Amino acid sequence: MADHKLRVLVSCIFLAFFLLQCKFFVLAILDPIDFLALQSIRKALDDMPGSNFFASWDFTSDPCNFAGVYCDVDKVIALNLGDPRAGSPGLIGRLDPAIGKLSALTEFSVVPGRIIGSLPQSLSQLKDLRFLAVSRNFLSSGIPATLGMLRNLRTLDLSYNQLTGEIPNSIGTIPELANVILCHNRLSGWVPPFLSQSLTRLDLKHNDLTGSLGPSSLPPSLHYLSLSWNRLSGPVDRILNRLDQLNYLDLSMNQFSGGIPGRIFTFPITNLQLQRNLFTGPLQPPNQVTIETVDLSYNRLWGEISPMFSTVQNLYLNNNRFTGQVPGSFVDRLLAASIQILYLQHNYLTGIDINPAAQIPSSSSLCLQYNCMVSPVQTPCPLKAGKQKTRPAAQCNEWRG
């Protein structure tokens with residue numbers, strides 16, 4: 001009798017353990033909708049030669065163990081397609097609209113490769129999506145305006161593709177957007193206002209954007225702003241005065257005009273690129289400039305060069321309309337090798353107080369070519385400076401007049 005009870009007890013224990021395991025197994029099975037969505041995504045993509053990213057995608061096993069798939073219980077919460085290691089071949093194919101069925105997805109990325117076609121409109125169904133990055137592929141067509149429905153999105157990176165059309169206004173309304181990287185595409189139209197007070201990085205360089213920037217179109221939270229290689233125009237002094245947290249600013253290769261506010265030289269910027277625009281007026285920094293690199297070349301700036309710029313390591317003021325003497329503080333710092341690059345060529349400068357026998361340190365570069373003076377020291381200049389050593393007297397007299 002006792003043995004029978006013991007056998008029953010042991011059987012009950014094993015049964016309970018078996019049921020517990022079954023219950024755990026049932027809970028761990030991927031949601032059928034997510035399962036089918038992953039199948040559709042896989043059918044639209046292939047490994048490029050040399051890539052074996054999809055080798056683990058065997059749908060007779062648990063998809064939550066697939067490379068790049070991350071689950072929370074029975075839902076896919078992150079999908080990172082492709083081998084993320086540097087130099088690894090990417091994927092080829094298209095992004096299937098079934099991506100929009102992964103309702104719990106918070107992160108979606110694709111490594112560089114040869115993904116073609118358009119960005120699926122169905123991405124707008126991913127209400128929890130925080131991170132969307134499909135860069136360095138061959139996406140074409142426009143950016144879906146419906147992406148503005150992703151109200152939890154923090155990062156949008158669609159850089160280095162072939163996207164066309166305008167940047168949808170709806171993107172600028174996403175409330176907590178922190179990073180927008182749309183550089184190296186074929187986008188046109190204007191830069192929409194960005195309302196997020198969390199936006200720290202905005203990179204729109206190398207597109208075909210036009211129009212001007214409204215004085216309140218960008219938030220003061222920005223740390224990184226690059227709009228270079230577009231066709232943007234108009235004044236930027238009012239908007240720049242607000243962006244006092246910037247540590248990188250590149251507005252080069254545009255048609256911006258008006259003055260450059262002196263206050264910008266007090267910002268915590270390490271690299272300031274404003275070259276090849278239509279900026280005018282004198283430059284009046286309120287304090288010694290501590291920015292490491294300042295490039296204001298190829299503009300229409302005039303007046304005397306402020307000695308406040310003598311603390312800049314790499315200073316490009318060439319191809320402007322500066323006049324007067326080069327401040328002595330530049331000479332002192334140049335000879336002390338504190339200035340690495342000082343390009344002042346193609347201006348209307350009339351003198352520099354430097355001993356003709358002075359030895360310019362080998363680590364420093366000075367170019368004074370094509371000004372209204374004969375340089376007391378002969379230094380190598382970049383090829384773009386041309387061969388003519390001084391500006392014609394007629395031009396100098398006309399400018400003084």
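Visitor: What share of the 401 residues in the protein chain do buried residues make up?

Guide: Buried residues make up 48% of them. Buried means under 20% relative accessible area, exposed means over 50%, and partly exposed is in between (1.4 Å probe, protein chains only). This is a predicted model: local features need pLDDT of at least 70, side-chain atom pairs count only at pLDDT 80 or more, and totals for chains, interfaces and linings use all residues. Residues are numbered from 1 along each chain as its sequence is written, and side-chain values use heavy atoms, with hydrogens and water left out.

Visitor: Okay. How many helices and strands are there?

Guide: The protein chain has five helices and 27 strands. They are DSSP runs numbered from the N terminus: helices are H or I with at least four residues, strands are E with at least two.

Visitor: What's the radius of gyration of the protein chain?

Guide: It is 30 Å, whereas a compact globule of 401 residues would be near 21 Å. The value is taken over C-alpha atoms, and the globule rule is 2.2 Å times the number of residues to the power 0.38. Along the principal axes, the C-alpha atoms fill a box of roughly 120 × 45 × 40 Å.

Visitor: Switching to the core. Which residues touch the most other members of the largest nonpolar core?

Guide: Leu79, Leu81, Phe108, Leu225, Leu249 and Phe265 do, in a core of 100 residues. Elements that give two or more residues to this core include helix 2, strand 3 (75–81), strand 5 (107–110), helix 3 (237–242) and helix 4 (328–335). A nonpolar core is a set of buried Ala, Val, Leu, Ile, Met, Phe, Trp, Tyr and Cys residues joined through side-chain atoms within 4.5 Å.

Visitor: And what does Phe265 touch?

Guide: Leaving out residues up to four places away in sequence, Phe265 touches Ile260, Leu272, Leu283, Pro285, Val289, Ile291, Val294, Leu296 and Phe309. Contact means heavy atoms within 4.5 Å.

Visitor: Where is Leu102, and is it buried or exposed?

Guide: Leu102 is in the loop between strand 4 (91–94) and strand 5. It is buried, at 0% relative accessible area. Beyond its neighbours within four places in sequence, Leu102 is in contact with Asp34, Ala37, Leu38, Ile41, Val76, Leu79 and Leu126. Leu102 and Asp31 are 71 residues apart in sequence, with 9.5 Å from C-alpha to C-alpha.

Visitor: What about Cys372, buried or exposed?

Guide: Cys372 is buried, at 14% relative accessibility. It is placed in the loop between strand 27 (365–367) and helix 5 (393–400). Cys372 and Arg151 are 221 residues apart along the chain, and their C-alpha atoms are separated by 58 Å.

Visitor: Now rings. How many aromatic pairs turn up?

Guide: A search of the whole structure finds eleven. Rings of Phe, Tyr and Trp (its six-membered ring) pair if their centres lie within 6.5 Å; planes under 30 degrees apart count as stacked, over 60 as edge-to-face, and the rest as tilted. Phe35 and Phe59 have ring centres 5.5 Å apart and planes at 80°, so they are edge-to-face. Phe35 lies in helix 2 (residues 32–43) and Phe59 in the loop between strand 1 (45–47) and strand 2 (69–72), so the pair ties together parts 24 residues apart in sequence.

Visitor: Is Tyr224 with Tyr248 stacked or edge-to-face?

Guide: Stacked, at 4.6 Å centre to centre and 10° between the planes. Tyr224 is in strand 15 (residues 224–226) and Tyr248 in strand 17 (residues 248–250), so this pair links distant parts of the chain, 24 residues apart. Tyr224 counts as buried, at 15% relative accessibility.

Visitor: Which residues form an aromatic cluster?

Guide: Phe35, Phe53, Phe54, Trp57, Phe59 and Phe66 form one.

Visitor: What sits over the ring of Tyr224?

Guide: The charged end of Arg201, 3.8 Å from the ring centre. The charged end of Arg136 sits over the ring of Tyr160, at 3.8 Å from its centre. The test is NZ of Lys or CZ of Arg within 6 Å of the ring centre and within 35 degrees of the ring normal.

Visitor: Last one, backbone. What's the phi of His206?

Guide: It is positive, about 55°, although His206 is not a glycine. Most residues other than glycine have a negative phi. His206 lies in the loop between strand 13 (201–203) and strand 14 (208–211), and it is partly exposed at 28% relative accessibility. Trp229 has a positive phi of about 55° too. Trp229 lies in the loop between strand 15 and strand 16 (231–235) and counts as partly exposed, at 44%.
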